[in-house]
Protein chains: 2
Amino acid sequence: MTAPKAYIFDVFGTLTDWRTSVTREVAAVLPQMDAEDFATRWRSEYQPAMERIRTGKRGYVPLDEIHSENLSTVMKSLKVKALDKEQHDDLARAWERLDTWPDVLPALDQLKKRAIIAPCSNGSIALMTHLARHAGLPWDCILGADIAQDYKPRPAVYLASCAALRLPPEDVMMVAAHNDDLEAAQKLGLQTAFIPRHTEHGPNQKIDLRPTGDWTNCVASLLEL
Amino acid sequence: MTAPKAYIFDVFGTLTDWRTSVTREVAAVLPQMDAEDFATRWRSEYQPAMERIRTGKRGYVPLDEIHSENLSTVMKSLKVKALDKEQHDDLARAWERLDTWPDVLPALDQLKKRAIIAPCSNGSIALMTHLARHAGLPWDCILGADIAQDYKPRPAVYLASCAALRLPPEDVMMVAAHNDDLEAAQKLGLQTAFIPRHTEHGPNQKIDLRPTGDWTNCVASLLEL
């Protein structure tokens, strides 16, 4: 294996603690709710909504719209009175205001000195741009779902990201806390790095605590990359 | 007019002095040539090559490939012996190593504090990424030809750039040293800023010395924005 010329990153979970951040935002707007339960339900609508697009049942829409629709779905299922439009839209954008795990910013600063760094997320260019400005993520460019008009783990997303950099997959390393993300990337020839995030799904997390594949790297902190 | 939520920039000419930079690279590799004449001829192949794509005579290919093909064209027309592949590819990438005009970096640092900043160039994501790393351009994301799979001044490029940011055109300001670029953007509802670059085409430049349209802003330095 040669040194990667680019590192591309999963963002929700791998770089950011979405559960804590979204819980905080829900608590501020809906103080009557169990905010952590609400955040978990909101996130649980994420994969089914993307799956409709991955399977062609719906054309591509950016994740911003899915987050907004799923917020409405959760509100209705919990029989919460709808927020006014401005409040709804602002809460839907909680995903632009996530906190990063402590190793992320120092590691990205170091990695950027020797290679291109970019998100390869299901978040849109707009969402990733706002999140980068919020969290200080020093991306060289923004790759991922929007440029492929499809959602991970569909091959088009990884391949479009490599193609945008004009790099063969073997020169690109996908970094993720999710084994299924790495499995899809590895099948296409990308290098892979796994980092467990033991509390992404809360204190009783059962999945992605350890690598389940033969990844190029397995690290406890992004600083080890 | 409200304050723009994003500033998007033409890059070749507006932010970078391509003529001086490319001349320097040509001189290093082809010392027997008139390097400035060579650079000018190379650049003069740029619009006709893109025009074939704009008019649908050829499918979209990234500008990196056009630069490489046009380099071969100029070499042949001047009857210069072809470079070996590595040297050719490296010279073709001279466009990733351009110098910026002196006002660019301080102005982008300031603008980034109050709005999103991104290139809206005919350069590819790869080309813009390498150039940003070379020149220290602090982009929030990279927009332009690649995400539209078409070339300015075709409407798709400006519209795809606004759409990627999820902003209506009126919230986005296109900044360019070329009146035709601004004319295309203005027709689509974007705000516009003109900055003359009096020596982009050399000491005897005749075009784009002054604004020819009713642009939102006309500035002598990007720091005035």
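## Domains of chain A

Domain bounds are taken from an automatic or database domain assignment. On that basis, chain A falls into domain 1, made of 6-17 + 98-224, and domain 2, made of 18-96. The model is predicted. Taken over C-alpha atoms, the centres of domain 1 and domain 2 of chain A are 22 Å apart.

The contact between the domains of chain A involves 23 residues of domain 1 and 13 residues of domain 2. On the domain 1 side, the elements that supply two or more residues are helix H7 (125-135) and helix H8 (145-148) of chain A. H7(A) gives the largest share of that side, with 5 residues. Sorted by class, the domain 1 side that touches domain 2 of chain A holds 10 polar, 7 nonpolar and 6 charged residues.

A residue counts as buried here if 20 or more other C-beta atoms lie within 10 Å of its own. In a regular strand, side chains alternate between the two faces of the sheet. In S4(A), Val172(A), Met174(A) and Ala176(A) point one way, while Met173(A) and Val175(A) point the other way; all are buried.

S4(A) is paired with two strands, and the details follow for each. Strand S1 of chain A (residues 6-9) runs parallel to S4(A) and is joined to it by 4 bridges. Here Met173(A) of S4(A) has Tyr7(A) opposite. Strand S5 of chain A (residues 191-194) is also parallel to S4(A), again with 4 bridges. Ala193(A) in S5(A) is the bridge partner of Val175(A). Together with helix H10 of chain A (residues 179-187), S4(A) and S5(A) make a right-handed β-α-β unit.

Two copies of a chain are related by a rotation about an axis and a shift along it. For chain A laid on chain B, the turn is 180° and the shift along the axis is 0.0 Å, with an RMSD of 0.0 Å. The two copies are therefore related as by a two-fold rotation axis.

Which C-alpha of chain A is nearest the axis? The C-alpha of Cys141(A) is, at 2.6 Å from the axis. Both copies use the same surface, as 100% of the contact residues of chain A recur in chain B.

Terms used:
Residues numbered from 1 in each chain as written. Chains lettered and ligands numbered in written order. Predicted model: local features only at pLDDT ≥ 70, side-chain atom pairs only at ≥ 80, totals over all residues. Contact = placed C-beta atoms within 7 Å. Nonpolar A, V, L, I, M, F, W, Y, C, P; charged D, E, K, R; others polar. Buried ≥ 20, exposed ≤ 12 C-beta atoms within 10 Å, placed from the backbone. Pairing = 2+ DSSP bridges. Right-handed = clockwise from strand over helix to strand, strands pointing away. Least-squares fit on C-alpha atoms with pLDDT ≥ 70 in both.
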